[in-house]
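Open the model in your viewer and keep the sequence panel beside it.

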Amino acid sequence: MCALAAGATLARADGTPPPTTIPDGVQIGSVVVGGMTSDEATAAVQTAYFAPLVVHVGHRNVSVSPHHFHTAVDLATAVQTALTAAPDTVVPLTPAYEMQRIVKWVRTLASKTDHAPVAGAVILRNSRPVLTHSHPGRTLLKFATRMRIRAAIVGGTRTTILAPLKTLAATAAKAQPIIVIHRGSNRLYLYSGTRFVRVLPVATGQAIYPTPLGHFQIVVMWKNPWWYPPTQDAWAKGLQPVPPGPGNPLGTRWMGLSAPGVGIHGTSEPWSIGHSESHGCIRMQISAAEWLYNHVQIGTPVFIIPA
C-alpha cells in the first residue's frame with residue numbers, strides 16, 4: 001500500500017494524473033474490471049463474490065449467503081492494484097472464510113437429505129404372505145460437497161453447485177419358504193414365496209399355555225433331538241430329559257423359533273393333532289414334521305395368527 005501511495009504521489013508530482021479507470025483486460029479474481037472506475041470495480045467484485053451460493057441436492061436447490069461462512073475479501077487493496085496493473089493482468093483475490101461453518105452447514109444439509117434404504121419384507125395380507133418392494137436410500141457425500149462450496153467461495157464463481165449423492169442399495173425380499181400357522185383352526189400353511197405349497201394339521205397351545213402370536217423365524221433345526229423339560233414350569237417339575245427315540249415328546253425333528261421355548265416338532269401324542277393341547281409349541285405328525293424339516297431352513301419366517 002505504501003508503494004502504491006508513493007507511486008501515485010510521484011505521478012502527481014511530475015504532472016501525470018493518477019489513473020481513474022482500470023486498464024483494459026484486467027481482472028480482479030474472476031471478475032473482469034477493465035475500463036471500470038474504482039467504485040464500479042468494487043461494486044462488481046462485491047456482487048460476484050457475495051452473491052448467494054446455490055447448491056442443487058436431489059430434486060431441489062438450496063441457497064446460502066457467503067456471509068454465513070464469514071466470507072471476507074480485501075477489496076481496497078485489490079482495486080488499487082488493478083488501477084495501476086498492466087492490461088490483461090489478473091489481480092489475485094483470495095477470500096477468507098471459516099471452514100468449520102461450511103462443515104456445519106453441509107452436515108445440516110445431509111441430515112435433511114439422507115435417508116436409509118428400506119429392505120423388502122415379508123408381510124401378511126389377508127392371511128397370505130406378500131413380498132414388499134425394496135427402496136434404495138441415499139447419502140450426501142459431505143467432503144465432496146464441502147470442497148465444491150469452498151471452491152465457489154474462493155473462485156468467486158456462482159454456477160449451481162451439484163451436491164453429489166451416493167445411492168444406498170436395499171435388500172430385496174427373497175422368495176423363500178414361509179410358514180403361516182392359524183392358531184384357531186390348528187393348521188400350518190407352507191408357502192414358497194407367495195405360492196401355496198401345502199397345509200398340515202397341527203396342535204397348538206392350551207388356553208393356559210397359548211402359542212404366542214406374531215412374526216418369528218426358525219432359529220435352530222435339530223434331527224433326533226433330546227427333550228429337556230422346562231422344569232421352571234409347574235407342569236414339568238420332576239420330569240427328566242428324554243433321549244432321542246420312541247416316546248420322545250419332540251418326535252424326530254425340532255424347528256425352534258425365535259419365540260423363547262417355542263418350536264415346531266413331531267409328537268409322541270398324535271391324538272392331540274388338530275386340537276389346542278400343547279404347552280405352547282406347534283405339534284405335528286412325526287412324518288409331517290420330517291417332511292416340513294426338509295422344506296424349510298434357518299431364517300424361515302413364521303407367522304402365527306389367531307384365526
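Which residue follows H5, and is its phi positive or negative? Select Gly156: this glycine comes after H5, and its phi is positive, near 70°. Keep in mind that this is a predicted model.

**Step 1: the helix itself.** Select residues 142–155. This is helix H5, with 14 residues. From first C-alpha to last it reaches 20 Å, close to the 20 Å expected at 1.5 Å a residue.

**Step 2: its buried side.** Show side chains for Thr145, Arg146, Ile149, Ala152 and Ile153. These are the buried residues of H5. Now look down the helix axis. The buried residues of H5 fall within an arc of 125°, so they line one face of the helix.

**Step 3: the neighbours.** Colour the elements that the buried residues of H5 pack against. Two helices are H2 (38–49) and H4 (99–113). The strands are S3 (53–57), S8 (137–140) and S9 (161–162).

**Step 4: the whole chain.** Zoom out. The protein has six helices and 20 strands. Its radius of gyration is 38 Å, well over the 19 Å that the globule rule gives for 307 residues, so the protein is more spread out than a compact globule. Along the principal axes, the C-alpha atoms fill a box of roughly 125 × 40 × 30 Å.

**Step 5: surface and contacts.** Of the 307 residues, 36% count as buried. Among contacts with a separation of 6 or more, 63% come from residues 24 or more positions apart.

Note on methods
Residues are numbered from 1 along each chain as its sequence is written. This is a predicted model: local features need pLDDT of at least 70, side-chain atom pairs count only at pLDDT 80 or more; totals for chains, interfaces and linings use all residues. Side-chain values use heavy atoms; hydrogens and water are left out. Helices (H or I, at least four residues) and strands (E, at least two) are DSSP runs, numbered from the N terminus. The expected span of a helix is 1.5 Å times one less than its number of residues. Buried means under 20% relative accessible area, exposed over 50%, partly exposed in between (1.4 Å probe, protein chains only). The arc is that of the directions from the helix axis to the C-beta atoms. Contact means heavy atoms within 4.5 Å. The radius of gyration is taken over C-alpha atoms; the globule rule is 2.2 Å times the number of residues to the power 0.38.
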